[in-house]
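Let's take a walk through a protein fold together.

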Amino acid sequence: MVVASPAPLRTKKARPAGIPVIDLSLERSKLCELLVKACQEFGVFQVENHGVSREIISRVERQGQEFFSKPACQKQRAGPAAPFGYGSKNIGFNGDKGELEYIILEANPHSISERSKSISPHPANFSCAVNDYIDAVRNLACDILEMLAQGLWVQDKSIFSNLIRDPNSDSCFRINHYPSLLNVAHHDDDWINPTPSSQLFDHNHPKTRIGFGEHSDPQILTILRSNNVGGLQILSPDGLWVPIQPDSDKFCVFVGDAFQAMSNGRFMSVRHRAVANSVKARMSMMYFAAPAPNASISPIPQMVSCENPSLYRPFTWAEYKATAYSLRLADNRLDLFRN
Ligand SMILES: C=C1C[C@]23C[C@@]1(O)CC[C@H]2[C@@]12CCC[C@@](C)(C(=O)O1)[C@H]2[C@@H]3C(=O)O
Ligand SMILES: O=C(O)CCC(=O)C(=O)O
Ligand SMILES: [Fe+2]
């Protein structure tokens, strides 16, 4: 006898759906379709079977751990992040703050080799680990961008990837370290008595410590990898913060503002943040894939039609970056370039 299964219970509060996890070993035309769908519907997705070796990832992770475990006075020798170097709590130049420390570097071997002298007692090990990692994630970013061009039926498959393969590409690399809650809570009066002006808390949930505040990434694509400690959240269209499941074997890929502009708004640069509420320290590393400063960004002709007129005026990456750096982290800078 076949017994009908009971109708599923409906609860009033729907659990937000997770972001897509895309298996990069799938057949290519299927992959192109899935990648386009994810960039349209979410602006972010995770990838598995990405082909970046564990060894490359753990070498740079180890360098990050060694650096952040040093006493503050030693780390400060690599700072301040203006805009490259070591930073602690201060983000950008306009008063943004977060519960984190970080290293941010230009993603080119010469600059990394110079910077590594103030970061590590073994600069060659540091720069080699970071350069190998950047090469690997740049290739991953280019593969994804080429599949996205194919998925959009654009003839020139390299239309996006050429921008970040350009030797003058302005890409950068960042390692963020969010200390364990146990290391900071009792030193911090705000934790016990949050002040309304503090940026370090989410005012709707005063026990949420803001590690890296709400923003979208300005570049084309971001490739993020973290340890298995959570904290990354995206802002859903209905205004809810949705956690992204941490997974050290996957990469999380974000559409950036420049890609939203080039796709004429078909892809969206999703707003995200990192909270620092864990008893374990979170470490994340981001490769921000950017064009060269003089590259012109505008909606590609294939995305523009009578029904879909151009949403953004052309701008150079240098112009966009200067605007981003003149604004606060949470500001919506792309709207300033709308037609
Ligand atoms: C407050 C800021 C930090 C930031 C530059 C900015 O003025 C606005 C954008 C911020 C952001 C967000 C994504 C990564 C990052 C490196 C970038 O390119 O834009 C940061 C900048 C930063 O931390 O310096
Ligand atoms: O550290 C994280 O998990 C996210 C940080 C981030 O979004 C950024 O640095 O742009
Ligand atoms: Fe980001």
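Which strands does helix α1 lie across? Before we answer, keep in mind that this is a predicted model. Now find helix α1, residues 28–41: it lies across β1, β2 (44–48) and β11. Its direction runs at about 165 degrees to β1.

Eight strands form an open sheet, and you can trace them in the order β1-β2-β11-β8-β13-β5-β4-β3. The pairing in this sheet is mixed. Because β1 (21–23) and β3 (85–91) each have a single partner strand, they stand at the edges, and one side of each is left without a neighbour in the sheet. As you step from one strand to the next, the twist averages 25 degrees.

Let's zoom in on β8, residues 221–226. On one side, β8 pairs with β13 (residues 282–289) in the antiparallel sense, over six bridges.

How many residues of β8 are buried? Six of the six are, so β8 is largely enclosed by the rest of the structure. Now check where the side chains go. In a regular strand they alternate between the two faces of the sheet. In β8, Leu 221, Ile 223 and Arg 225 point one way, while Thr 222, Leu 224 and Ser 226 point the other way, and all are buried.

Next comes β11 (251–255). This strand is mostly covered too, with five of its five residues buried. Phe 251, Val 253 and Val 255 point one way, Cys 252 and Phe 254 the other. Look for Gln 46, whose bridge partner in β11 is Cys 252.

Is Lys 250 buried or exposed? With a relative accessible area of 16%, Lys 250 counts as buried, because buried means under 20%. What does its side chain meet? A polar contact of 2.7 Å joins the side chains of Lys 250 and Asp 247. Leaving aside neighbours within four places in sequence, Lys 250 is also in contact with Val 21, Gln 46, Val 47, Glu 48, His 50, Leu 224 and Arg 225.

Finally, turn to a pair of helices. Helix α4 (residues 109–119) and helix α5 (residues 123–151) pack at an angle of about 140 degrees, with their axes 8 Å apart. That angle makes α4 oblique to α5. The crossing of α4 past α5 is right-handed. To see where they meet, pick out residues in α4, including Pro 109, Ile 112 and Ile 119, and their counterparts in α5, among them Phe 126, Val 130 and Ile 134.

Key: Residues numbered from 1 in each chain as written. Chains lettered and ligands numbered in written order. Predicted model: local features only at pLDDT ≥ 70, side-chain atom pairs only at ≥ 80, totals over all residues. Heavy atoms only, no water. Helix = DSSP H or I, 4+ residues; strand = E, 2+ residues; numbered from the N terminus. Buried < 20%, exposed > 50% of the residue type's maximum accessible area, 1.4 Å probe, protein only. Polar contact = N/O pair within 3.5 Å; in protein donor to acceptor, adjacent residues only side chain to side chain. Contact = heavy atoms within 4.5 Å. Pairing = 2+ DSSP bridges. Axes fitted to C-alpha atoms, helices over the stretch in contact; angles between N-to-C directions. Parallel < 35°, antiparallel > 145°, perpendicular 65-115°, else oblique. Left-handed = near helix turned anticlockwise from the far one by under 90°.
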